[in-house]
Amino acid sequence: MNRAIYRLLRFNHKGRQWLTQYLTPTGLSVLVALFVFGLISLDIRRSVSYQVFAFLLALLATSALLRYGSRFGRRSRDRLRATRHLPRFGTVGVPLRYRIVIDNRSKKHSVFSWRESFENAFPSFYDFQQFARAKKRSRQDWFKLLARQQRAVASPSALLPLAGESETEVVAELLPLRRGLLSFGALILTCPEPLGLMNRCITLSLAQTVLVLPKRYQLPALDLPGARCYQADGLALVSALGDSEEFRALRDYRPGDSVRKIHWKSWAKTGRPIIKEEQSEYSVRHALVLDTFQLESYSEIMEEAVAIAASFAYTIQTQESLLDMVFVNDQAHCFTAGRGLGQTERLLELLASVVLCQNESFSALLPIVRSRLSLLSGCICIFLTWDCDRQALIEQLQAANIPTLALIVAPAAGLSEPIDRSCLRNSQSSIHVLHIGRIQQDLWNL
């Protein structure tokens, strides 16, 4: 039964897409009027509405003949080539601009508009099954599921001339709505037929992808607490962040190297300047713990938590410290970024693909954090809720005398259970609740 309902909904979705693609707004109005007058004119003895119905039907039939008989059709597909120039990354909520170059190899001149076709625009059967099994689901929840599946909204395009035997370049713009991999499908060129009721379409297969990074919030000027800690393996950084440095290796001089790093004895032996490479033994190192443990397949709270984590990861690059991001998907992940490493971009890429962990409990994260306590100067925790396991993590950090900033993402109505702040033993530690709908305001109040 669920599969039959799913196919019916998918057919309805495809039908609506077909109508909006092949019918202009005027054509849709004529189709609606045709349906209305068809109902009114069922009894032709009492109404003359059937004449209007016949006229509208003839109008649509003529438009269809003009559409299929146009030269801007299947024969033109082989004479058109398109190239889409996409940036490497996009960001949720930030307009993404890119270029489209269309090469018209025929001698015919046309006027066209374009639209993008995105892949995976309809929920999978697995998502529909989860939706159907959940209790107290309403019709609005189904529309929310469809809205979540929509990853981007493309701006409408204006009619542009397509000259013969030439290339036409246009600038397209879309608004990414969800983080992750945005898959482009075909590029559809449309041109209205003379009556303006139907579109003549050419579909150019142009599969490409762009990675959409999480939304980022503006953070206040936070002075992350914590003193420099000894790093057992040292940190081979370009800039010295620690209190002392240890000899690492010798290498040839490079333009821009400090004269103080020259190894004079090696220069005397080799006859060319030699530089000492050193590594820092002490540095400020913070951990960013991202809570990914939730039973639901999709959570607005999770998306906001990832956005907050991305905000810290993006901002930390301007501070003289390191950041270890710790989270669990199918396995535990720990990635280090910060000044001198140049890997903040990589960290944002990881956050763009983070998914909820539904097979493990939050307690699986505790040993990972415990193994890094001796290296940490401070810790930032982003929680999806508050319970005994989250409190146990805060208590472990406080027992190691690590300053902790705990951020709990909560619904607009607030948390169902009160927060026990008695676990905070360090004066530099704090717990804050960030409410959905006013995350930015709550972050400014930190």
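I take helices (H or I, at least four residues) and strands (E, at least two) as DSSP runs, numbered from the N terminus. On that basis I find Q21 in helix α1, residues 2-22.

A note on what I am looking at: this is a predicted model, where local features need pLDDT of at least 70, side-chain atom pairs count only at pLDDT 80 or more, and totals for chains, interfaces and linings use all residues. I number residues from 1 along each chain as its sequence is written, and side-chain values use heavy atoms, with hydrogens and water left out.

Is Q21 buried or exposed? I looked it up: Q21 counts as buried because its relative accessibility is 12%, and buried means under 20% relative accessible area with a 1.4 Å probe, protein chains only.

Contact means heavy atoms within 4.5 Å; leaving aside neighbours within four places in sequence, Q21 touches R115, I188, N199 and C201. With R115 the side chains make a polar contact at 3.3 Å (a pair of N or O atoms within 3.5 Å, where one must be able to donate a hydrogen and the other to accept it).

Then I turned to the sheet. I see an open, mixed sheet of five strands, ordered β2-β9-β8-β4-β6; two strands pair if DSSP finds at least two bridges between them. Its edge strands, β2 (89-91) and β6 (160-162), each pair on one side only.

β4 (residues 110-118) and β8 (residues 180-192) run antiparallel, joined by five bridges. Here I find S113 opposite T190 of β8.

Methods:
Buried < 20%, exposed > 50% of the residue type's maximum accessible area, 1.4 Å probe, protein only.
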